[in-house]
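Subject: Structure handover

Hello,

Here is the structure for your files. Please open it before reading the notes below.

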Amino acid sequence: AVKRPWTDKACGSASRQQRTRHGTAMMRAKLTGKSGMAAVAPARARQATARAAVHALCPARVSARRPERSVRSYSAAQVEVPPLEEGSVAYEKQDYAVVELGGSQVIVEVGGVYDTNRLDAEPGSTIKLNRVLLVKNQESNDLRLGKPYVENATVEAEIVQHKKAKKVVVFKMQPKKHTRSKVGHRQHQTTIKVTKISV
């Protein structure tokens with residue numbers, strides 16, 4: 001148990017009596033309004049005044065106070081960004097396509113790496129995706145929309161690796177039946193890298 005300054009021997013019964021008298025005198029002055037500053041001052045100022053008076057009566061409590069912490073001021077990091085060269089663009093738009101991949105529609109770009117459901121192909125091999133819903137060519141600003149697929153449009157991709165996704169915990173319960181089941185599942189996935197979009 002931590003010994004508090006209120007119960008410390010350094011603050012004896014005499015100091016307690018002085019604190020009680022001081023508090024009683026302040027309450028009387030507050031009610032009667034004799035001390036103008038105490039009656040008019042806001043609540044926080046009155047509390048600070050009472051605290052200072054108590055600390056003056058009991059020096060042991062002052063020594064037991066937590067030391068004041070210094071506040072450090074951190075300046076924002078200054079990063080120098082080199083200016084762009086003449087005629088260069090901050091982000092160069094690339095051709096993209098929307099394909100059906102693993103039961104979902106995915107927006108793919110050349111050089112992009114994507115995760116999909118497990119495909120029956122060896123790592124390092126090349127596959128062609130024929131279910132292309134949309135193709136956008138940035139140079140000619142040509143947008144082709146399929147109904148539902150774009151004719152003669154293919155997306156070539158390279159199989160990077162086979163892996164498992166993050167674990168999903170399946171927890172089932174029936175209240176008041178003492179039935180609990182907790183099963184983990186990791187979906188089999190394939191990572192592919194798009195190499196070419198052709199129309």
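Start with the hairpin of β8 and β9: four residues lie between its strands, and K176 takes a positive phi near 65° there. Helices (H or I, at least four residues) and strands (E, at least two) are DSSP runs, numbered from the N terminus.

This is a predicted model, in which local features need pLDDT of at least 70, side-chain atom pairs count only at pLDDT 80 or more, and totals for chains, interfaces and linings use all residues. Residues are numbered from 1 along each chain as its sequence is written, and side-chain values use heavy atoms, with hydrogens and water left out.

**The hairpin strands**

β8 and β9 (residues 179-185) run antiparallel and are joined by seven bridges; two strands pair if DSSP finds at least two bridges between them. F171 has K182 in β9 as its bridge partner. V170 lies in β8, which covers residues 168-174. V170 counts as partly exposed because its relative accessibility is 37% (buried means under 20% relative accessible area, exposed over 50%, partly exposed in between, with a 1.4 Å probe and protein chains only).

V170 also belongs to a nonpolar surface patch with V168 and V183, and together they have about 230 Å² of accessible area. Accessible areas come from the Shrake-Rupley method with a 1.4 Å probe; for residues, only the protein chains shown count as cover.

**A buried residue**

T191 is in strand β10, residues 188-198. T191 counts as buried because its relative accessibility is 4%. Leaving out residues up to four places away in sequence, T191 touches V113, Y114, D115, E158, I159, V160, Q161 and K163; contact means heavy atoms within 4.5 Å.

**The open sheet**

Four strands form an open sheet with antiparallel pairing, in the order β2-β1-β5-β6. Its edge strands, β2 (104-109) and β6 (142-145), each pair on one side only. Six bridges join β1 (residues 96-101) to β2, and V98 stands opposite I107 in β2.

**The chain as a whole**

The chain has four helices and 10 strands. Of its 199 residues, 21% are buried. Among contacts with a separation of 6 or more, 62% are between residues 24 or more positions apart.

Regards

Definitions and conventions:
Patch = residues over 30% accessible without salt bridge, like charges linked within 9 Å, V, L, I, M, F, W, Y side chains within 5 Å. Salt bridge = Lys/Arg side-chain N within 4 Å of Asp/Glu carboxyl O.
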